[in-house]
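This briefing goes through selected local features of one structure. Have the sequence and the coordinates open while reading.

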Amino acid sequence: MKVLVTGGCGYIGAHTIVDLINNGFDVVSVDSNIRSTTQLLDGIEKITGKKVRNYKVDLCNLEDTNAVFHENRDIVGVIHFAALKAVGESVHEPLLYFQNNLTSLINVLKCVKEYNVPNLVFSSSCSVYGNTTALPVVEETPLAEAQSPYARTKQMGEKIIEDYSRVNDTQSILLRYFNPVGAHPSALIGELPLGKPDNLVPVITQTAIGKIPKLTVFGDDYNTKDGSCVRDYIHVMDIANAHTKALQYLIEHRNESNCEVFNLGTGNGVTVLEAIKAFEKISGVKLNYTIGPRREGDVIAIYANNTKAKEKLQWEPKIGIEDSMRTAWQWEVSLRNKVLSN
Ligand SMILES: NC(=O)c1ccc[n+]([C@@H]2O[C@H](COP(=O)([O-])OP(=O)(O)OC[C@H]3O[C@@H](n4cnc5c(N)ncnc54)[C@H](O)[C@@H]3O)[C@@H](O)[C@H]2O)c1
């Protein structure tokens with residue numbers, strides 16, 4: 001069974017491809033490489049022994065996107081990861097985010113409709129909940145005001161798919177990821193941001209290795225246990241496996257409606273300062289960090305109730321924060337060793 005993965009050269013897409021291949025799926029990827037290179041595809045091949053084809057296509061171009069679907073009419077589903085994801089950047093470049101994230105989604109849906117693709121899995125985000133005070137969040141928690149244009153593209157993306165699913169046969173799942181971290185245990189693939197990273201863990205590992213001089217914690221005056229923001233850090237291979245499970249769930253018609261939503265988190269809230277301490281503990285490296293002002297677009301605290309995904313998808317997050325930090329660190333060290341050996 002063949003799956004079309006958009007954004008397959010990116011962080012979560014690449015880890016998901018590994019999990020899909022390990023579970024017997026064939027995969028093709030579509031990625032314009034606007035925020036990636038093809039490096040992770042080499043890692044996927046080393047891990048799985050399978051060479052994954054990537055179509056270097058901008059999904060905002062309908063004609064090119066259509067040509068990919070035309071060539072792959074035998075797919076059982078699409079997993080749509082491709083998007084821009086930097087919260088801070090989206091605050092300053094809202095149109096770029098609306099244009100890229102929504103146009104690409106609409107084009108994918110047009111092709112899904114034209115080629116009668118039966119199943120769709122969409123990368124959503126816990127940022128759709130906004131600054132909710134109802135913690136941990138369940139899927140029914142009302143969505144509060146989006147704190148950034150990025151988060152708004154995810155809220156709108158979900159609504160577009162819900163509306164689409166009401167009048168079309170495609171079965172869809174919206175997966176709301178909390179904070180994906182870590183890397184494949186082989187250290188052959190991991191998070192590989194182009195330019196300055198935006199997410200906490202690559203900033204931590206790049207600071208520890210010396211690529212970044214100093215890490216800034218955005219605010220320590222929030223109403224949380226140590227004043228820093230609270231997040232639910234979930235290992236990327238656990239997130240990856242949920243996509244395989246979601247697809248199997250749809251293929252086996254275990255879904256109750258045409259569009260279902262699931263939280264993907266561990267259920268544990270960890271502060272930014274606790275995450276830093278967990279990294280220092282497993283790596284033995286003392287991080288150079290300072291406390292800075294709050295960052296625009298950040299929500300204060302968010303963590304998941306993951307009961308629905310556990311019960312219905314039969315999915316279970318298996319990797320804790322320390323092993324997440326360990327694999328992220330092993331990946332960063334492997335990147336440095338690669339540079340040194342070249
Ligand atoms: N990493 C996180 O913290 C996080 C959290 C919640 C949700 N998400 C969502 O998960 C998805 C994957 O995130 P990621 O961390 O792997 O990001 P990533 O940037 O590593 O990967 C996204 C990939 O999509 C590609 N892409 C973007 N726009 C495209 C377009 N128009 N056409 C073709 N390719 C395009 C990029 O080149 C990149 O390779 C995104 O939708 C993101 O919003 C990520």
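Predicted model: local features only at pLDDT ≥ 70, side-chain atom pairs only at ≥ 80, totals over all residues.

How many of the six residues of strand S11 (residues 259-264) are buried? Five of them are, and the strand is mostly covered.

**Strand pairing**
- Strand S6 (residues 171-177) runs parallel to S11, and six bridges join the two.
- Within S11, Cys 259 stands opposite Ser 172.

**Glu 158**
- Helix H6 (residues 149-167) contains Glu 158.
- Glu 158 has a relative accessible area of 1%; it is therefore buried, the cut-off being under 20%.
- Neighbours within four places in sequence aside, the contacts of Glu 158 are Phe 122, Ser 124, Val 128, Leu 143, Leu 174 and Arg 176.
- From Glu 158 to Ser 125 the C-alpha distance is 9.9 Å, with 33 residues of separation in sequence.

**Helix H11**
- Helix H11 covers residues 321-341, which is 21 residues.
- At 1.5 Å a residue H11 should span 30 Å, and this agrees with its end C-alpha atoms, which are 30 Å apart.
- The buried residues in H11 are Ser 324, Met 325, Thr 327, Ala 328, Trp 329, Trp 331, Glu 332 and Leu 335.
- An α-helix has 3.6 residues a turn, so residues three or four places apart point the same way.

How values were computed. Residues numbered from 1 in each chain as written. Heavy atoms only, no water. Helix = DSSP H or I, 4+ residues; strand = E, 2+ residues; numbered from the N terminus. Expected span 1.5 Å × (residues − 1). Buried < 20%, exposed > 50% of the residue type's maximum accessible area, 1.4 Å probe, protein only. Contact = heavy atoms within 4.5 Å. Pairing = 2+ DSSP bridges.
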